[in-house]
Amino acid sequence: MKVTKSQLPRRLEEVEDRFVDLWDTMSSLWGISPTMARIHGLLYITGAALSMDDIMARLAISRGNVSMNLSKLIEWGLVRRVHKRGKRRDYYESLSDVWEMFTMVAAQRKRREIDPIISMLRRCREELSPEALGGLAEEPIARERSNRVNDLLTFLTLVDSLAQRFF
């Protein structure tokens, strides 16, 4: 069925709504809240700089929730605050470059999830070292634990290194 010019705004809004729902679904894969994803999805798909009131009205969420999640999106580098000439309120827009957007998500996930794991594994390795355990480090059970920690640390360090080169 062909869409007429008068039907286009409603059809675009329907597609935008489906896209925002998709972003909501994908939020768990990114490690962000569904509301944060919905706000970002709306800003990304519309390509428009929207005010907090615009976002609240379109997504039917509270001012506090919009404000908190916009702050997180700005912190992540996925959204930026913009000013419109002659307007007193702030507007927000999403990055438009898909590669840059997913690079930012990957960097944030790495900082929040991978880096602390690697740090803790290094600490575990130190605690299982001959310096920390003295002569007990040669006990089979201590060597086994040390090998397991080292194997995991080696693997995650390699994955981290590859991810940094990729992104």
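This briefing covers the helices, the sheet and the nonpolar cores of the structure above. The model is predicted. Helix α5 runs over residues 98-127, and a sheet of 3 strands is ordered β1-β3-β2. The largest nonpolar core holds 26 residues, with α1, α2, α3, α4 and α5 each giving two or more residues to this core.

**Helix α5**

- The 30 residues of α5 reach 42 Å from the first C-alpha to the last, close to the 44 Å expected at 1.5 Å a residue.
- A kink of about 40 degrees is centred on K110 in α5.
- D97 caps the N-terminal end of α5, with a side-chain oxygen 3.1 Å from the backbone nitrogen of W99.
- Buried positions in α5 are M101, T103, V105, Q108, I118 and L121.
- The cover over these buried residues includes the helices α1 (8-30), α2 (34-46), α4 (63-76) and α7 (140-166), as well as the strand β3 (90-94).

**M101 in α5**

- M101 belongs to helix α5 and has a relative accessible area of 2%, so this residue counts as buried, the cut-off being under 20%.
- Beyond residues up to four places away in sequence, M101 touches W23, H40, Y44, L78, S94 and L95.
- M101 and V79 are 22 residues apart along the chain, and their C-alpha atoms are separated by 9.3 Å.

**Helix α1 and the residue after it**

- The 23 residues of α1 should span 33 Å at 1.5 Å a residue, and the end C-alpha atoms are 32 Å apart, which agrees.
- α1 has a kink of about 25 degrees, centred on D24.
- E16, F19, V20, W23, M26, S27 and W30 are the buried residues listed for α1.
- An α-helix has 3.6 residues a turn, so residues three or four places apart point the same way.
- Elements covering the buried residues of α1 include α2, α3, α4 and α5.
- S27 lies in α1 and is buried, with a relative accessible area of 4%.
- G31 follows α1 and has a positive phi, near 80 degrees.

**Nonpolar cores**

- In the largest nonpolar core, the residues that touch the most other members are I39, L43, I55, L59, V66 and L70.
- Two or more residues of this core come from each of α1, α2, α3 (52-59), α4 and α5.
- Another core, of 5 residues, lies apart from the largest one and has L121, V149, L153 and L156 among its members.
- I55 touches I39, L42, L43, L50, A60, V66 and L70, with residues up to four places away in sequence not counted.
- L121, a member of the core of 5 residues, is also one of the buried residues of α5.

**The sheet**

- Strands of a sheet pair through backbone hydrogen bonds, either parallel or antiparallel.
- β2 and β3 pair over 5 bridges in the antiparallel sense.
- V79 has S94 in β3 as its bridge partner, and S94 is also among the residues touched by M101.

Technical notes:
Residues are numbered from 1 along each chain as its sequence is written. This is a predicted model: local features need pLDDT of at least 70, side-chain atom pairs count only at pLDDT 80 or more; totals for chains, interfaces and linings use all residues. Side-chain values use heavy atoms; hydrogens and water are left out. Helices (H or I, at least four residues) and strands (E, at least two) are DSSP runs, numbered from the N terminus. The expected span of a helix is 1.5 Å times one less than its number of residues. The bend at a residue is the angle between axes fitted to the seven residues ending there and the seven starting there. Buried means under 20% relative accessible area, exposed over 50%, partly exposed in between (1.4 Å probe, protein chains only). Contact means heavy atoms within 4.5 Å. A polar contact is a pair of N or O atoms within 3.5 Å; within protein, one must be able to donate a hydrogen and the other to accept it, and residues adjacent in sequence count only if both atoms are side-chain atoms. A nonpolar core is a set of buried Ala, Val, Leu, Ile, Met, Phe, Trp, Tyr and Cys residues joined through side-chain atoms within 4.5 Å. Two strands pair if DSSP finds at least two bridges between them.
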